Amino acid sequence: MDGPPPPLWADLRAALRGTNADYTRIPLKRAVLLLAIPMMLELVLESTFAVVDIFFVAQLGASAVATVGLTETYLFLIYSIAMGLATAVTAIVARRIGEARGDEAALSAVQAIVLAVLISLPFTLAGIVWAQDLLRLMGADAWAIEHGYRYTQWMLGGNAVIMLLFVINAIFRGAGDAATAMRVLWVANAINIVLDPILIFGLGPIPAMGIEGAAIATNIGRGIGVLMQLWILFRGSEHLRIARASLRWHGPTLALISRTSLGGIGQMIVAMTAWIFLMRILASVSTEAVAGATIAMRIMMFTLMPAWGMSNAAATLVGQNLGAGEPGRAEAAVWRIGWMNMVFTVTVSVAFYLWHDAIIGLFTDDAAVIAIGGEWLSILAYSYFVYGWWMVAVQAFNGAGDTMTPTWINLVFFWLIQIPLAWTLALPLGWSHSGVFWGVFVSETVVGLFTLWLFSRGRWKRFAV
């Protein structure tokens, strides 16, 4: 066992630089810190890039922004698959590292990369060949179909870099190399942010490419990130190295990753489709309701990024400690991170409660939109702390490899409770947009508490992967 924990500043430095610490043996508080900090920064940077990217594209006009939005409708499916696959990969790699079976962790990493490439191929074909048809199917305007389709071609045609970036970073997180995953995303997004204005508007001998330039910048940035990931994997990171012996097809491992990823993909798709239904209900109320809810949701997702980062740390700690035969330590890690998340989300809740209209007002000067968006933030303030616990409990199940339990929970609470409740309150009972917001409040508060209760029963400790 290690001696007394080093000073806080040394741990912060180690968290950013990376460490070969054994997360199944070092003091739990230090393990959480070393994993959570780079995971939080990774997600915050990703959300920052999304804001910067749409800022540049918005200068090209409404049709360009609409093209990005319509293309993202298809990308959401790719993101759902990539995130579901990443969930499975983190769980399996973490378990093998915890079992001190580094060679099998490397073999699992190779199978995950192969699977990611295979999954991306149909989307690549569809994007390159049928980009205009896909935009037309979504009701795109004439400009998008005539000019914007090249953005769709690049984004869907190059979806393999999205898939690989998600999956390989999941490999690093599962192995405990969270700092590596963070640095890769820093490089990829920094290149993307620098290239965005250059390729969109032109610079010197580089011609202005418009919206197509935004997609090219994204593919170059993420493509360089993937090359960096592969170089690190084969050179060897702090906890994992892919040797030549791992470069082979292994059917049983590939099948295990595929089975485990189905639950993760299901979680993403259920959540995504539930949001689509809610937006459809709000569209029946008014355009202002949609706008207010959209802004409030963007703010909510941005403020939850640090909590998601801490929750991802829980997944790694659960997987590795279960692999090491330390279920008690795995459970203790979840409770510790849960309390940390609650402190953070309660702090955000206070801001939402006191300054809800002012926060929405940073994004729009429409009084109706501010009132509606501010109302949702004020309602969120009453239950935001539950989100912190819910995310950690879900990631505990995912880290254990039990991805189907959260999927079934989401299916029941989102599809069978949230959507019917929101519709009933909003339309038949006449609560308008407030009915949707209170429907979300009730369903997501209950699902958070139920998931935490189910976690406390401990069946996830016996799940084998």
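Asp22 is partly exposed, at 35% relative accessibility. The model is predicted. The side chain of Asp22 meets that of Arg25 in a salt bridge, 3.8 Å from N to O. Arg25 is exposed, with a relative accessible area of 52%.

**Salt bridges**

The structure holds eight salt bridges. Three of them are tabulated here.

| Pair | N to O distance | Relative accessible areas |
|---|---|---|
| Arg25 and Asp22 | 3.8 Å | Arg25 52%, Asp22 35% |
| Arg96 and Glu104 | 3.9 Å | Arg96 7%, Glu104 32% |
| Arg101 and Glu99 | 2.6 Å | Arg101 31%, Glu99 25% |

Arg96 is buried, because its relative accessible area is 7% and the cut-off for buried is under 20%. Arg101 is partly exposed at 31%, and Glu99 is partly exposed at 25%. Salt bridges with shared partners join Arg96, Glu99, Arg101 and Glu104 into one network.

**Helix packing**

Helix α3 spans residues 62-98 and helix α6 spans residues 159-175. Their axes come within 7 Å and cross at roughly 25 degrees. Angles under 35 degrees count as roughly parallel, so α3 and α6 are roughly parallel to each other. The crossing of α3 past α6 is right-handed.

**Nonpolar surface patch**

A nonpolar patch lies on the surface, formed by Val346, Val350, Tyr353, Leu354, Trp355, Tyr382 and Phe385. Together these residues have about 710 Å² of accessible area. Helix α11, residues 327-361, supplies the largest share, five residues. Val350 is found in α11. Val350 is partly exposed, with a relative accessible area of 44%.

Key. Residues are numbered from 1 along each chain as its sequence is written. This is a predicted model: local features need pLDDT of at least 70, side-chain atom pairs count only at pLDDT 80 or more; totals for chains, interfaces and linings use all residues. Side-chain values use heavy atoms; hydrogens and water are left out. Patches are made of residues with over 30% relative accessible area and no salt bridge: like charges are joined within 9 Å, nonpolar side chains (Val, Leu, Ile, Met, Phe, Trp, Tyr) within 5 Å. Accessible areas come from the Shrake-Rupley method with a 1.4 Å probe; for residues, only the protein chains shown count as cover. A salt bridge is a side-chain nitrogen of Lys or Arg within 4 Å of a carboxyl oxygen of Asp or Glu. Helices (H or I, at least four residues) and strands (E, at least two) are DSSP runs, numbered from the N terminus. Buried means under 20% relative accessible area, exposed over 50%, partly exposed in between (1.4 Å probe, protein chains only). Axes are lines fitted to C-alpha atoms, for helices over the stretch in contact, and angles run from 0 to 180 degrees between N-to-C directions. Angles under 35 degrees count as roughly parallel, over 145 as roughly antiparallel, 65 to 115 as roughly perpendicular and the rest as oblique. A crossing is left-handed if the near helix is turned anticlockwise from the far one by less than a right angle, and right-handed if clockwise.
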